[in-house]
Amino acid sequence: MDDMDRTPGNSAADALRGRWRDCLVAARGGDEGPDPLPYADHLLARWAEPQRRYHTTAHLAAVLDHVDTLAGHAADPDAVRLAAWFHDAVYRPDRSENEERSAALAERALPEAGVPAATTAEVARLVRLTVSHDPADGDTDGEVLCDADLAILASPPKEYARYAAQVREEYGFVPDELFREGRAAVLRQLLELPRLFRTPHGAAEWEARARHNLGTELELLTH
């Protein structure tokens, strides 16, 4: 892996490195294999790129926390955790192929890091699923990753407002009118879904608050 020296040393980054190490070692069935930490540092450097405002290491940590909350629902929670690490590892707001490129990165890096082929394939599948956030019925790994990624929608009002502002900053190159139109279309698409959250916890704890937040943001954008 390259670009492994750009992630600053701090307690938050150290905690994430530890989480990556534990997850990778579990996914490959033991300690044998390359040192996990250079892979963590490479990924953390990606998550710290300057074009990011919302899709940062803070988002990564939050998704991992939510995966931990939902892990009992997953068939392979270690694969889901690895997918969380990779799901926005490639992120350019002006491009549409981020998920595909992130999945391809996982397909290159994980075999080198000692992860079995079946787990690598599952991680890549899960990363690609975040294009639609629409897992099939019974796809419990997909349900956990998608719910964890969308859990920000159920945040308290101030946190949700900060999230919405950060998304706007990431799309700072888009004129206001075009951004409002595009963002409103995304919000309407989400609100039209029969269910935002597929896990029992997500449905019970996050669905109502998320719909309220989405409706409020849509009203602010269109009035």
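**Pockets and side-chain contacts**

Let me start with the second largest pocket: helix 3 (57-70), helix 7 and helix 8 each give at least two residues to its lining. Helices here are DSSP runs of H or I of at least four residues, strands are E runs of at least two, and both are numbered from the N terminus. Helix 3 makes the largest contribution to this lining, with five residues.

Before going on, the basis. This is a predicted model, in which local features need pLDDT of at least 70 and side-chain atom pairs count only at pLDDT 80 or more, while totals for chains, interfaces and linings use all residues. Residues are numbered from 1 along each chain as its sequence is written, and side-chain values use heavy atoms, with hydrogens and water left out.

The volume of that second largest pocket is about 310 Å³. Twenty residues line it, written 20 on the slide, and Y54, A62, I152, S155 and E159 are the closest to its centre. By class, the lining has eleven nonpolar, five polar and four charged residues. Nonpolar here covers Ala, Val, Leu, Ile, Met, Phe, Trp, Tyr, Cys and Pro; charged covers Asp, Glu, Lys and Arg; the others, Gly among them, are polar.

As for what a pocket is: on a 1 Å grid over the protein atoms alone, a pocket is an open set of points where a 1.4 Å probe fits, with protein on both sides within 12 Å along at least five of seven lines, and lining residues have an atom within 4 Å of a point. Points are joined across faces, edges and corners, and the volume is the space filled by probe spheres set on them.

Now the largest pocket, with about 1000 Å³ of space. Its lining has 32 residues, and those closest to the centre are E99, H133, Y171, R183 and V186. Helix 5 (98-112), helix 7 (140-150), helix 8 (157-170) and helix 9 (176-192) are the elements that give two or more residues to this lining. Helix 9 has the largest share, six residues. The classes here are 16 nonpolar, ten polar and six charged.

H133, one of the residues closest to that centre, sits in the loop between helix 6 (117-129) and helix 7. H133 counts as buried at 18% relative accessibility; buried means under 20% relative accessible area, exposed over 50%, and partly exposed in between, with a 1.4 Å probe and protein chains only. The phi of H133 is positive, about 50 degrees, although H133 is not a glycine. Most residues other than glycine have a negative phi.

On to the rings. How many aromatic pairs are there in the whole structure? The search finds seven. Rings of Phe, Tyr and Trp (its six-membered ring) pair if their centres lie within 6.5 Å, with planes under 30 degrees apart called stacked, over 60 edge-to-face and the rest tilted.

Y54 and Y163 make an edge-to-face pair, 4.9 Å centre to centre with 70 degrees between the planes. Y54 is in the loop between helix 2 (36-47) and helix 3, and Y163 is in helix 8, so this pair ties together parts that are 109 residues apart in sequence. Y54 and Y163 are both buried.

The pair of Y171 and F179 is tilted, because the ring centres are 6.3 Å apart and the planes are at 40 degrees. Y171 is partly exposed at 27% relative accessibility, whereas F179 is buried at 11%. R168 lies over the face of F179, 4.4 Å from the ring centre. For a charge over a ring, NZ of Lys or CZ of Arg must be within 6 Å of the ring centre and within 35 degrees of the ring normal. The charged end of R52 does this with W47, at 5.2 Å from the ring centre. Ring pairs also join W20, W85 and F86 into a cluster.

R17 is in helix 1 (residues 11-27) and is buried at 11% relative accessibility. Its side chain has a polar contact of 2.6 Å with the side chain of D14. A polar contact is a pair of N or O atoms within 3.5 Å, where within protein one must be able to donate a hydrogen and the other to accept it, and residues adjacent in sequence count only if both atoms are side-chain atoms.

E207 is in helix 11 (residues 207-222) and is buried at 13%. A polar atom of the E207 side chain lies 3.1 Å from the backbone nitrogen of F197.
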